[in-house]
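Trainee: Please take a close look at one part of this model for me. I would like to know how a single residue sits in the protein, with some background on the whole.

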Amino acid sequence: MGETDKDDLISIIEEDDPESIIPTILPMMPVRDVVIFTDMLLPLFVGREKSVNAIEESISKDRYLFVATQIDPGIENPKPEEIYQIGTVSRILRMLKLPDGRVKALVQGIAKARIAKYVRKRSLYRVKIEIIEEPDSSTVDLEAEALMRNVREYSERILTLRGEYTNEVGSILTSIDDPGRLADLVASNLRLKIDEAQAIIEIIDPFERLKKVNDLLFHEVELSAMQAKIQSEVKDEISKSQKDYFLREQVRAIHKELGELDERTQEIDEYKNKIKRAKMSQDAKAEADKQLRRLEQMHPDSAESSVVRTYLDWMVELPWSKSTTDVIDIKKAKSVLDMDHYGLERIKDRILEYLSVRKLNPQTKGPILCFVGPPGVGKTSLGRAIANAMKRKFVRISLGGIRDEAEIRGHRRTYIGALPGRIIQGLKQAGSNNPVFMMDEIDKLGADFRGDPSSALLEALDPEQNFEFSDHYLNLSFDLSKVMFILTANISDTIPSALLDRMEVINLSGYTEDEKKTIAKTHLIPRQVKENGIKPRQIRFSDAAVVQVINEYTSEAGLRNLERELGTLCRKLARRIAEGAKGPFQVTRQSLEKYLGPPKYYPEMDKEHSQVGLSTGLAWTQVGGEVLYVEASLINGKGEMILTGQLGEIMQESARAALSYARANIDLFKVKDEIFDSRDIHIHVPAGAIPKDGPSAGIAMATALISALTERPVNKDVAMTGEITLRGRVLPIGGLKEKALGALRAGINTVIIPEKNKRDLVEIPKNVKRKLTFVPVRNMDEVLAIALEPAPPKKAKAPKAKKKPAGKVRP
């Protein structure tokens, strides 16, 4: 061992001593991420305490060291079972102690060996080894020679593809005649995984080891060839892009010398002119100019340039200062509304009031109108009629099912495929900044992890805030104060309260039979006749036929199903005309079943006669008012209460309140108290597949229950609505107009309503009041006096026949 110099370098000059004997007990150093083959030179950085101790012991003795690879490179202090058993006896040629305590050592593989036993494990690993003797490979047959030549050629090809082949490397490969040494040399220079390299070193037979290396070389050649191909294609593409760029710059310079504009310059100039003509706000113009300067400096084919182009296209096409001039003629607007919509006087009056205010004060901030009503009552068409009356553009979007806030506010430009929100898109479509903007299905907005769209709408629908509406895509404020927003919904219960507070709700309850008949004769039938290619003189509808279609083929507050049935009639007759039949055709009550089949609805089917325990309530649903039958029955049991018909919690509470009222006033009904202990009470509301809830069925449940207890039938021509209390008071309800129309469609004559709902009768059309009798009540005593009929007389029981004494039967 030489002396240590000032750099703390220990240099060991190896003496060629072919007869040097390798000791059987050596210090062992586990290594990770590398497998050392024989004759392989490798520098190692050693930092683990046991490994440093192993190197120092090796230096202090004969410089021999056993190096083995650990199975898992992530383990800091591997145990014996976590180290491969076969490794390489190596010799340390140089060692350098580093300032941080680590050691740098240059080692060379000498011989392959196997761990026979661990002699020491504490401060360092000392192992007893067995040298692995390989079979004699000095004699090389024809197959081995061919295999060696194949390995050399594969190695040269790989090095050539990597650009690492030199004549010296070729000479070294050619000079090795031993299959084992050639296999070890090539394997040590391949980029092998640890398990693959260890598998090679554990193969004892040199020829088999060379075959394994040959297989790995073949795979590496394929990978290197593919890698070289990919790099070549990328290089060619980059060269092509650079070439295109220089050619484009040359063309640009030529156009400039000729006084002509190239496509690139022409595009930039076009954007400049569009930005100037758009008359944007000051902030918007500054942002557009900034993005245009960025586009001018970008490569025209880059991905980012297309993003900037799309943004500039949106900026220059938005109606920043484009408005349509309002032409407000109140009389003409009234005629337009009357022409397109029959009835709906209160709604049309409110619209005309708004137009009148706009005419007197064009700068006023208009209200946000919300039309609430069942499907098919004309909410969307009313918005279109308003736009026609004001000569404004009309835009409609549907909000049903929207769950992403970005649908309203837009996506940020960092996302691929980003676009502005629905509001900005609608304004671009309209081409003006003051359209009539209709948002349908506001009551069907959703919300999830992507945000709450209803919260995003708060800014747009608030007249005090929407002059600075911010869209995420534009990242600028846009003035929405000139837009007239109209929203539609089927019910207002599901609209968020903060949003509902910003809107003026106008209820469209539905149409009466007379209104439907008039609308069908003046609007629906002419439209269906025209759409089906029939001439007006070829078909005639009798009034009785139209009324029968309304009552027996549809049951709705609106007109959609009615128009659908009229369209079916017209198609049937269109086919007959196309087949050569001659008209005119008369559609009457007698011919309806021929074209439309049997009636689908029988309004008076359940009211053939008054029945005990069957009352008629009224419900208010998304599709308008409907009758709701309530059945009550007493059965033998233990006094339990059974509720069926998919009733909600509020209806179940109403049923319990009705039962408590009946038990508290049992003396008035002349019913024995024992009946509640020996009988179960079953209350059922038919149409069990449909969920039902609400307090307004309280008096209907109480009436059906008391009818069953007293055995007095409920008048079939009486319907009722109202909430009941434990003391029998009748509380007010909502949706009276819709319920009244539903009762009229069902053929009801008398409707019992709470006393406090008398004020709502002013909203009910006069023709409905003529056909229905409304009876306001304050408590259940008044309800029962109107709804219950006298109990039918009980039939006298027939006397029992006396038994004759048994005797003989004579023939």
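Mentor: Start with the whole, bearing in mind that this is a predicted model. The protein exposes about 44,500 Å², and 50% of that area is supplied by carbon and sulfur atoms. Of its 811 residues, 44% are buried. The fold contains 26 helices and 25 strands. Take the contacts between residues at least 6 apart in sequence: 74% of them join residues at least 24 apart.

Is Asn 214 buried or exposed? Its relative accessibility is 12%, and because buried means under 20%, Asn 214 counts as buried. As for what lies against it, set aside the neighbours within four places in sequence; Asn 214 is then in contact with Leu 147, Asn 150, Val 151 and Tyr 154.

For contrast, turn to a residue on the surface, Arg 759. Arg 759 is in the loop that runs between β24 (750-754) and α25 (766-771). Its relative accessibility is 58%, and since exposed means over 50%, Arg 759 counts as exposed. Arg 759 also belongs to a patch of positive charge on the surface, where it gathers with Arg 727, Arg 729 and Lys 756.

Note on methods: Residues are numbered from 1 along each chain as its sequence is written. This is a predicted model: local features need pLDDT of at least 70, side-chain atom pairs count only at pLDDT 80 or more; totals for chains, interfaces and linings use all residues. Side-chain values use heavy atoms; hydrogens and water are left out. Patches are made of residues with over 30% relative accessible area and no salt bridge: like charges are joined within 9 Å, nonpolar side chains (Val, Leu, Ile, Met, Phe, Trp, Tyr) within 5 Å. Accessible areas come from the Shrake-Rupley method with a 1.4 Å probe; for residues, only the protein chains shown count as cover. A salt bridge is a side-chain nitrogen of Lys or Arg within 4 Å of a carboxyl oxygen of Asp or Glu. Lys and Arg count as positive and Asp and Glu as negative; His and the chain ends are not counted. The place of a charge is taken as NZ of Lys, CZ of Arg, CG of Asp or CD of Glu. Helices (H or I, at least four residues) and strands (E, at least two) are DSSP runs, numbered from the N terminus. Buried means under 20% relative accessible area, exposed over 50%, partly exposed in between (1.4 Å probe, protein chains only). Contact means heavy atoms within 4.5 Å.
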